[in-house]
Amino acid sequence: MRLSFLASVSLLATAAVAAPVPSVPQKPLTIDRIFASPSLSGPTPRGVKLSPDGRLATLLKPRADERERYDLWAVDTRTGAERMLVDSKKIGSGAELSEAEKMRRERARVGGTKGIVDYAWAPDGKSILVPIDGDLYLAGLDGKVRRLTNTPQSEIDAHVSAGGGFVSFVRDQNLYAIDLKTGTERALTREGGNTVTCGTAEFVAQEEMDRDTGTWWSPGDAHVAVECYDEAPVKIVTRAAIGADGTKTFDQRYPAAGTPNVISSLSVMSADGSHRVKVDLGADPDIYIARVDWSADGRTLYVQRESRDQKTLDMLAVDPATGAAKVLFTETSKTWIKLTDDFRPLKDGSLIWGSQRSGFMHLYRFVNGQWTQLTKGDWMVETNGQSSHTGLIGVDEAHHRLFFAANKDSVLESQIYTIDYLDPQEPKRLTESGYWNDAVMDQAGTHMLVSRSSPSQPPQVYLADATGKRLAWIEENRLDAKHPYAPFLAAHRPVQYGTLKAEDGSTLYYEMITPKLEAGKRYPVFFEHYGGPGAQQVKRAWMSPMAQYWVSKGWIYFQIDNRGSANRGTAFEDQIYHAMGTVEVADQATGARWLQQQSFVDPKKIAIFGWSYGGYMTLKMLEKAPPGLYAAGVSGAPVTKWEMYDTHYTERYLGNPATDPKTYEASDAVADAPSIKTPMLLMHGLSDDNVVFENSAALINRLQETDTPFDMMLYVGQTHHIAGEGRQAHVQHTIETFLDEKVLDQK
């Protein structure tokens, strides 16, 4: 049953809008200003962390004059005093990053950023490890910076050891460690080289499993666990990086669906590399090392072993002295296992674990082979990533309390809750409704840094105690006269939320922003979508100012979360299993048909746009749509043939192409491309190592050989993320010009 416009939006609150600042002259929003410095969202921080003792909050902040360059800042949590701790321009060499580091940044979704993109606190809280421009620095709290490496090679995947005695890193495919007391550098592995790499994570672990390391130090530094992987079985894809100054080619080993993965091994050794033993990962070599963690006392190594088909996950308990392993427990699924970071070994020997065995992601406690479910209900301990789960944010073992993010009170909001894991009752909410919240905590679980935003409030960060009481602003990002967005507040329009019904009766949530509606006038719709599994787009959070830009130009902005999207439980999410390009396409069409029925919508002017999986969705939506449903479509960096995408992501949802060929045939976006009669713009970066350009090349070839018209814009030297203020603006100007011609200028 479809809901009318008034009925649907009455179900869910419309987000309030901050009032304009009277003293600030108002200006029209422009694409060039949106992508210029400073960011219109204000000083939005990244990498928010608490020092081990909770006395300092550290964060990466963009420079006002260079929005893509980040410096390290510190805020005293007692006084609120703020200072720049490390100036990236003062210590950075400006050296060109290695190809490996560039691709690591892409997979961490920080491609195109400059300066400091990551850092790590030393466990003693006296210093911070800062990688920059391929070298490593140790920053003291007094502002002094010690350079640890100075080599032509890049040092990647750097860690301060758990006991604070060493800094480890990977150089030339081997793991090294520096003794911080003596300054001595030592190679811990030597077999790295050619196809073998030690100490860091393989491609699919970084890109699809949210595991970005292959090094794990034990408490007290007695041991270090190291992954080594051999890429020899993985097929070579010659990737062309086409840039303005010429073309470079890279022989990249890319594990496409149905082809061999790397061969991984796991070892445990002493801090100097001696007494090395191999971990028994079982008889089947074709597995994934999903997660590795140490027990609180360092006597047990926990390894999560995932089957190739991703339907079985074993928790192994490993003796670090011998490498012998036993299975503690096993998770199974008829579709796929959602990997979780909701795992915490406690000092009492029990384990906290996140599982969807009830149909919703919830927390459990494992003690002596027995399970206790701690949270329950038709709601989710929340996921913020696309492929793994990050709901558990802290543990206070002294008072046996867990802290976690969940959507218990609203699907549209992520809130922070707490519960007693020895006496689990109803969870207590610690954060304010109306916001999308995330948080990090100190090791003892006594304080948290809460990051939040709403449709009318750009991202903020505040310090709170364990009761949720706000103690101090770390970054208030107040929308006052000094805020970069202040000149545009008068035109900021509220976000309206509502629900529709899918064909199977599932509830679908949408968000919509409209101009001030004039009686009798019909408006075009800029319909954005992602649609892929593991992501939630519709939520009460700050949106890119581009949404407001489209509204300022007279468009309605619209998004809807289809079946298969995140945080709705397995019955909702699993419908995309072996069915990519079906239910999610149908649900987006449900949104479009509902829009066409509204009196304020021009039913002939609904334009769709998506990037990555959203780009794939554009193609499938145009291929399957009846005439007149969509007026135009923009497809950015689309997967067009899933056989060309990587193993872990693709096989999770479609199976193996060798045994499940029909699911791949049905999901293909190339064969039916000539059926696209709607104006279509294709965009892609020519150095994309995630959705490799061959995807678009196959589509282009099919469209050209069948004389099917389309528009195209390619970006030289650019990866999956188009970087740079000018280029990002160019993307949007290109889309606007295309839609002006193909949609607005049409009668």
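Analyst: Helices (H or I, at least four residues) and strands (E, at least two) are DSSP runs, numbered from the N terminus. The model is predicted, so local features need pLDDT of at least 70 and side-chain atom pairs count only at pLDDT 80 or more, while totals for chains, interfaces and linings use all residues. Residues are numbered from 1 along each chain as its sequence is written, and side-chain values use heavy atoms, with hydrogens and water left out.

User: Where is Gln718, then?

Analyst: Gln718 is in the loop between strand 46 (711-715) and helix 13 (725-744).

User: Is Gln718 buried or exposed?

Analyst: Gln718 has a relative accessible area of 8%. Buried means under 20% relative accessible area, exposed over 50%, and partly exposed in between (1.4 Å probe, protein chains only). Gln718 therefore counts as buried.

User: What does Gln718 touch?

Analyst: Contact means heavy atoms within 4.5 Å. Not counting residues up to four places away in sequence, Gln718 touches Gly685, Leu686, Ser687, Asp688, Ala723 and Arg727. For Ala723, the backbone nitrogen lies 2.7 Å from a polar atom of the Gln718 side chain.

User: New topic: helix 12. What span should helix 12 have?

Analyst: The expected span of a helix is 1.5 Å times one less than its number of residues. Helix 12 (residues 694-705) has 12 residues and so should span 16 Å, which agrees with the 16 Å between its end C-alpha atoms.

User: Which residues of helix 12 are buried?

Analyst: They are Asn695, Ser696, Leu699, Ile700 and Leu703. These residues cover an arc of only 125 degrees around the axis, so they lie on the same side of helix 12. The arc is that of the directions from the helix axis to the C-beta atoms.

User: What do the buried residues of helix 12 pack against?

Analyst: They pack against helix 9, strand 45 (680-685) and strand 46. On the other side of helix 12, Gln704 and Glu705 are exposed.

User: Let us turn to the rings. How many aromatic pairs are there?

Analyst: Rings of Phe, Tyr and Trp (its six-membered ring) pair if their centres lie within 6.5 Å; planes under 30 degrees apart count as stacked, over 60 as edge-to-face and the rest as tilted. By this rule there are 34 aromatic pairs. One of them is the stacked pair of Phe526 and Tyr557, with 6.2 Å from centre to centre and 20 degrees between the planes.

User: Where are Phe526 and Tyr557?

Analyst: Phe526 is in strand 41 (residues 523-528) and Tyr557 in strand 42 (residues 556-560), so this pair links distant parts of the chain, 31 residues apart. Both Phe526 and Tyr557 are buried.

User: What about Tyr530 and Tyr613?

Analyst: Their ring centres are 5.9 Å apart and their planes are at 45 degrees, so that pair is tilted. Tyr530 lies in the loop between strand 41 and helix 6 (545-552), and Tyr613 lies in helix 9 (residues 613-624), so the pair ties together parts 83 residues apart in sequence. Tyr530 is buried, as is Tyr613. Ring pairs also place these two in a cluster whose members include Trp336, Tyr577 and Trp642.

User: Which charged end sits over the ring of Trp371?

Analyst: A charge sits over a ring if NZ of Lys or CZ of Arg is within 6 Å of the ring centre and within 35 degrees of the ring normal. The charged end of Arg357 sits over the Trp371 ring, 4.2 Å from its centre. Arg540 lies over the face of Tyr497, 5.1 Å from the ring centre.

User: Finally, the backbone. What is the phi of His400?

Analyst: Most residues other than glycine have a negative phi, and most peptide bonds are trans. His400 is not a glycine, yet its phi is positive, about 40 degrees. His400 lies in the loop between strand 31 (392-396) and strand 32 (401-406), and its 27% relative accessibility makes it partly exposed. Asn477 also has a positive phi, near 50 degrees, but Asn477 counts as buried at 4% relative accessibility.

User: Which residues does a cis peptide bond join?

Analyst: A cis peptide bond joins Ser37 and Pro38, with omega about -5 degrees. Pro38 is in the loop between helix 2 (31-34) and strand 1 (46-50).

Terms used. Polar contact = N/O pair within 3.5 Å; in protein donor to acceptor, adjacent residues only side chain to side chain.
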